[in-house]
Amino acid sequence: MSSSDSNYSATDIITYIGVPLAVLGVLPILYNTVATLAALSKIKRMLRHGRLTALTRSDVVNRVIEVELPRYAVTPCDRFAETELYWKLARQPSLIPGGSWTTFNWQSRAIGAKTQRVEYADQLRQPQVDVAFDQLIAYLLDLGAVPEAHGWKLLRSTGLWTPTGCSLMKSPDGYHDALTIAPLDDSDGHLSLKAKWSPDWTTRDFSSLPPYWIRLPPPPIIEPPQVAEPVEPVEPAEPAESTEGGSTSVEPRQVEDIEKGIETEGKPSLDEESLDSVQKQAEKNERATITCQISVEGLISARSQEDGATFSSTHLQSLYIEHLRVRASKNDGVWFASIATAYGTTSQTILWNYKIPDEILNFARRDTVPCGVLVILGVCDESQTPQWTTGYDAAEEERELFFRRSNERHEAFMSESRMTPEARAAAVRDRMHREMNQRMQDMRDRQRREYQRQETRQSDALQSPKWDTKLVSEHNLRWLRERKEPSSVGINIDASLTLRDIVGMLLHRMVLDGEFAASICKILDLWKAWADNGGMRRSDLDALREKQELFALASLLVALVRDTVSAHEGTLSLDLQECLRIWKTVRLG
């Protein structure tokens, strides 16, 4: 077949064959462009719905979309200043995987950014946020979440190898998961969690006491009996007459001036009004309930709450607590935080913040108070203690001395009867003088022996068997209830009050009265010092004599710390606290 027989030229071949092939080669690029733009549009729509700010870049040829999202560190909103945000959920939570933390309202700050290269919108992941583990758990507990015992036990034992989806917190009804283990894709070695919450699950409100807070009741008001005083009749004054026989009536204008003057003199000054308002506020605080927040560092906040008022920011007033803050130079803050933690921790408590120092726990467990000291102080009877005194019979010594002096006097009488009258008179004078000197010497010897016996008794008391804190507090509590004299520190112990009630009153008083707090903490330091140094000394006993009531009250505080040691042995509590100790910060997403 010749070329003249062909009707197609080279141009026609390029047109009919080359152009379609070129179009087919461009179609993948066009498809990638359309698919990339569609995915980018969906990603931007997802970001707008979640109210997220992000930088997006697309490569339509390679079908790659770059999304740069900020990474945040978050903390729960302030319970008192941001009440509405604290209790309500976010209006538009993010639907992007990893954004479960947007269910709640947070205080956030940007700590970095994360760039992702995705091809489809479904591959986009929202960066997880850093949050303090204890604050997250406290927030969920405050909303009404319930810890899952099996999940915490598994997390404590397996750590980061805990299976994904393991539940740590449940909804109040126990049927839904509120906090679960999330995949470790974006955790960078941190514990990864996922949160879920519904408005119907919130079973608590602002009036509920949040975790890490304790409520201290005011002491009961004991009104003194009112004695009705007889009212003497006032006789009407007779009008005085002038020397000239005229009336001494005062003009109406003068009466008004006098009344105005009296009213002016009766008005209090600004200083008096200010002092009066401070006094009234102090009296109001003494009758109000106090709520205290205990953190890892000890007491960080104390607020007074009027009786019958809700636990809200409008009914709470901040109190001065600088004298109870934990400091390196003083132990007052450590004592208060430890006792307050023991007061707020019961067998049902699953979360507490402050860890009582081991040295205080060991001190509360040891036998530190000699039983003989309580006998000397009059707290208990000697018949209630083991034998600890050196036995001696004072009556037998007095009887022997009486017989010896009687025999000496009888012999002197017999000797005088055989003398002449002059010699008898001189002998009688000598005998009376000698007897008078003997009586004075016997009295001095008696006082010296009594002093030696007291010293020996005190030494024996210091070396007597030691009692534990619980037994000491029981005797001191009975002594406080049965004593007749009024309290020197203004603490009245009623028979109906339990140990826990009394400790709450004492903590209440320590918040309001810095001098009382310093005094009772000084006694606690003294007590712990002799317990650590091998035993009580004579100076310690003298100090207890001067501050016996404070020592009795301090023993009640230490007894509560001792009793709370066994309350910490719950499985769920230990697992949860150990997990919070291991993971300070977690990733939530």
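The model is predicted.

The protein chain has 17 helices and 15 strands. Of its 589 residues, 39% are buried. The accessible surface comes to about 34,500 Å², and carbon and sulfur atoms account for 53% of that area. Among contacts in the chain with a separation of 6 or more, 71% are between residues 24 or more positions apart.

In soluble globular proteins, nonpolar side chains tend to be buried together. In the present model, the largest nonpolar core has 73 residues. The residues with the most contacts inside this core are Cys-292, Phe-336, Leu-507, Val-511, Ile-520, Phe-551 and Leu-553. Helix α16 gives the most to the core, with 10 residues. A second, separate core has 42 residues, including Trp-101, Leu-143, Tyr-212 and Leu-316. The surroundings of Val-511 illustrate the packing in the largest core. Leaving aside neighbours within four places in sequence, Val-511 is in contact with Leu-216, Ile-290, Cys-292, Ala-302, Leu-319, Tyr-320, His-323, Leu-324 and Phe-336.

An open sheet of four strands has the order β9-β10-β11-β12, and its pairing is antiparallel. Strands β9 (213-216) and β12 form the edges, each pairing on one side only. From one strand to the next, the twist averages 30°. Helix α7 packs on this sheet and touches β9, β10 and β11. The direction of α7 makes about 85° with that of β9.

Within the sheet, strand β10 (residues 289-295) pairs with β11 over seven bridges, in the antiparallel sense. The two strands are joined by a hairpin through two residues. Thr-289 has Gln-305 of β11 as its bridge partner, and Gln-293 has Ser-301 of β11. Strand β11 is also joined to strand β12 (residues 316-318), by three bridges, and these two strands run antiparallel. Here the bridge partner of Arg-303 is Ser-318 in β12. Seven of the eight residues of β11 (residues 298-305) are buried, so this strand is largely enclosed by the rest of the structure. In a regular strand the side chains alternate between the two faces of the sheet.

A further set of pairings involves strands β5, β6 and β7. Strand β5 (residues 146-147) and strand β6 (residues 167-170) pair in the antiparallel sense over two bridges. In this pairing, Val-146 stands opposite Lys-170 of β6. Strand β6 is in turn joined by three bridges to strand β7 (residues 177-181), and this pair runs antiparallel. Lys-170 stands opposite Asp-177 in β7. The hairpin of β6 and β7 has six residues between the strands, and in it Gly-174 takes a positive phi near 80°.

Helix α8 covers residues 358-365, and its residues Ile-360, Leu-361, Phe-363 and Ala-364 are buried. Seen down the axis of α8, the buried residues fall within an arc of 160°, so they line one face of the helix. The elements that cover these buried residues include α7 (332-344), β13 (367-370), α12 (469-482), α14 (514-532) and α16 (548-563).

Gln-128 lies in the loop between β3 (106-118) and β4 (129-132). Its relative accessibility is 5%, so Gln-128 counts as buried, the cut-off being under 20%. Not counting residues up to four places away in sequence, Gln-128 touches Arg-71, Tyr-72, Gly-98, Ala-182, Asp-186, Ser-187, Ser-192, Leu-193, Arg-587, Leu-588 and Gly-589. Asn-492 lies in the loop between α12 and α13 (499-512). With a relative accessible area of 42%, Asn-492 is partly exposed, a class that runs between the cut-offs of 20% and 50%. Asn-492 and Met-505 are 13 residues apart along the chain, and their C-alpha atoms are separated by 9.9 Å.

Terms used
Residues are numbered from 1 along each chain as its sequence is written. This is a predicted model: local features need pLDDT of at least 70, side-chain atom pairs count only at pLDDT 80 or more; totals for chains, interfaces and linings use all residues. Side-chain values use heavy atoms; hydrogens and water are left out. Buried means under 20% relative accessible area, exposed over 50%, partly exposed in between (1.4 Å probe, protein chains only). The arc is that of the directions from the helix axis to the C-beta atoms. Contact means heavy atoms within 4.5 Å. Two strands pair if DSSP finds at least two bridges between them. Accessible areas come from the Shrake-Rupley method with a 1.4 Å probe; for residues, only the protein chains shown count as cover. A nonpolar core is a set of buried Ala, Val, Leu, Ile, Met, Phe, Trp, Tyr and Cys residues joined through side-chain atoms within 4.5 Å. Axes are lines fitted to C-alpha atoms, for helices over the stretch in contact, and angles run from 0 to 180 degrees between N-to-C directions.
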